[in-house]
Amino acid sequence: ELSELNAERQDIEHTIAKEAIAQIESRQQGRDGVLIASHEGWHVGVIGIAASRLVEKYYRPALVITISDGIGKGSCRSISGFNMYEALQSAKDLLIQFGGHTMAAGFSIKAENIEGLRKRLLAYAKEHMTADDYIPLVHLDKELETQDVSLDMIAELSSLEPYGMGNSRPVFSLRNLTVEEIRPIGRDKQHVRIVVCGPHKIRLSGVAWSRPDLCDAIVEGDIIDVAFQLERNDFNGTSSPQLVVQDVHVLNKEVTLNRTVMVDIYMALKKLLPEWGMPVWQVRRRMAASQADRYDVHTIYAAIVVLREIGVLKVRQDDDGPVYYFPILAGKMNLHMSPTYELYCRE
């Protein structure tokens with residue numbers, strides 16, 4: 001019964017997070033200093049988790065609000081450097097009540113004041129945050145060699161438990177690993193399984209939770225540095241160390257984007273995709289094969305991400321996972337609205 005309730009809670013949470021992201025994307029607010037999403041009837045019990053999902057995706061302070069009878073109840077999650085409690089205090093005249101601390105808070109507000117709250121918090125962010133504050137940092141406890149990763153080490157680390165505030169789970173790093181396998185996993189293909197091989201031919205397996213974007217950034221054969229936590233994985237009677245991936249840096253990645261590249265990839269996609277769309281994994285595989293004689297696979301994947309960021313290409317969730325499709329467009333799209341295009345543009 002608990003398992004069924006948890007699955008129901010996950011479905012509700014995923015739906016709210018998906019709708020909140022769609023709202024932010026449709027308003028082109030993903031690069032704002034603070035993110036706010038609101039809707040009638042969202043389940044109040046999981047809006048805090050949905051706010052955490054926004055922070056994970058955008059690395060911005062995030063507020064998710066559910067509205068009922070003209071009153072919004074909000075839950076907030078923050079990032080390092082942005083004091084959420086003080087930010088709400090700067091807008092207390094717009095709130096019915098609020099409470100919390102630096103990294104998380106809750107509040108209630110009249111629905112007509114939500115846009116005013118968003119503007120007030122944007123002003124607070126502009127005054128207190130810099131561009132560098134929006135670059136997520138992973139703090140490493142120790143760099144390891146592949147031969148260091150073992151079940152014995154995981155057993156040793158268990159003596160540090162319980163983890164929590166003031167005693168976070170250790171984060172390690174490994175360098176110069178070769179990616180042997182990377183693939184999406186999970187019911188909605190929102191997680192990633194990765195297998196890597198180190199300098200001493202030691203193979204290690206890892207999982208990246210809620211990081212489907214890694215499949216756009218990494219291909220088999222890439223050389224990577226990885227930051228991770230360690231856990232024991234028990235499967236089919238066999239125990240092995242598992243890397244819980246926190247971040248990945250690709251060492252041999254070469255991406256060059258310009259208008260010519262974007263037009264070429266767009267036209268190839270138009271030729272490839274049927275009207276109903278095509279599974280994301282299949283699009284990646286076919287585009288990499290068909291364009292391999294013209295562009296590096298990382299350039300192909302980055303161009304697809306750009307088209308997604310500017311709304312030319314859309315993703316929907318089907319029973320078998322995410323599907324790419326072309327929506328009906330109104331008006332021209334600006335390539336420079338894409339953070340990925342700005343990063344790799346060589347015009």
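Select Asn 176 to begin: with 46% relative accessibility it counts as partly exposed, a class that lies between buried (under 20% relative accessible area) and exposed (over 50%), computed with a 1.4 Å probe on protein chains only. Asn 176 is found in strand 7. Its phi is positive, about 55°, although Asn 176 is not a glycine. Helices (H or I, at least four residues) and strands (E, at least two) are DSSP runs, numbered from the N terminus.

The model is predicted: local features need pLDDT of at least 70, side-chain atom pairs count only at pLDDT 80 or more, and totals for chains, interfaces and linings use all residues. Residues are numbered from 1 along each chain as its sequence is written, and side-chain values use heavy atoms, with hydrogens and water left out.

Next, select Asp 69. Asp 69 also has a positive phi of about 55° without being a glycine. It lies in the loop between strand 2 and strand 3. Is Asp 69 buried or exposed? It is exposed, with a relative accessible area of 77%.

Now show the strands on either side of Asp 69. Strand 2 (residues 62-68) and strand 3 (residues 71-77) run antiparallel and are joined by seven bridges; two strands pair if DSSP finds at least two bridges between them. Together strand 2 and strand 3 form a hairpin with two residues between them. Strands of a sheet pair through backbone hydrogen bonds, either parallel or antiparallel.

Which residue in strand 3 is the bridge partner of Ile 65? Select Gly 74, the partner of Ile 65. Gly 74 also stands opposite Phe 107 in strand 5. Strand 3 pairs with strand 5 (residues 104-110) in the antiparallel sense, over seven bridges.

Go to Gln 29, in the loop between helix 1 (2-26) and strand 1 (35-40). At 11% relative accessibility, Gln 29 counts as buried. Leaving aside residues up to four places away in sequence, Gln 29 touches Ile 24, Leu 35, Ile 36 and Arg 118; contact means heavy atoms within 4.5 Å.

Select Glu 161 and Pro 162 together. The peptide bond that joins them is cis, with omega about 5°. Pro 162 lies in the loop between helix 5 (151-157) and strand 7 (172-185).

Move on to Val 248 in strand 11 (residues 238-250). Val 248 counts as buried at 16% relative accessibility. Not counting residues up to four places away in sequence, it touches Leu 214, Ile 218, Ile 224, Asp 225 and Val 226.

Then select helix 7 (residues 259-272) and helix 8 (residues 280-290), which pack at an angle of about 120° with axes 11 Å apart. Axes are lines fitted to C-alpha atoms, for helices over the stretch in contact, and angles run from 0 to 180 degrees between N-to-C directions. Helix 7 and helix 8 are therefore oblique to each other: angles under 35 degrees count as roughly parallel, over 145 as roughly antiparallel, 65 to 115 as roughly perpendicular and the rest as oblique. Show the side chains: Ile 265, Ala 268, Leu 269 and Leu 272 in helix 7 meet Val 283, Arg 286 and Met 287 in helix 8.

The last stop is an open sheet of three strands in the order 12-14-13, with antiparallel pairing. Strand 12 (278-279) and strand 13 (314-318) are the edge strands, each pairing on one side only. Met 278 stands opposite Tyr 324 in strand 14.
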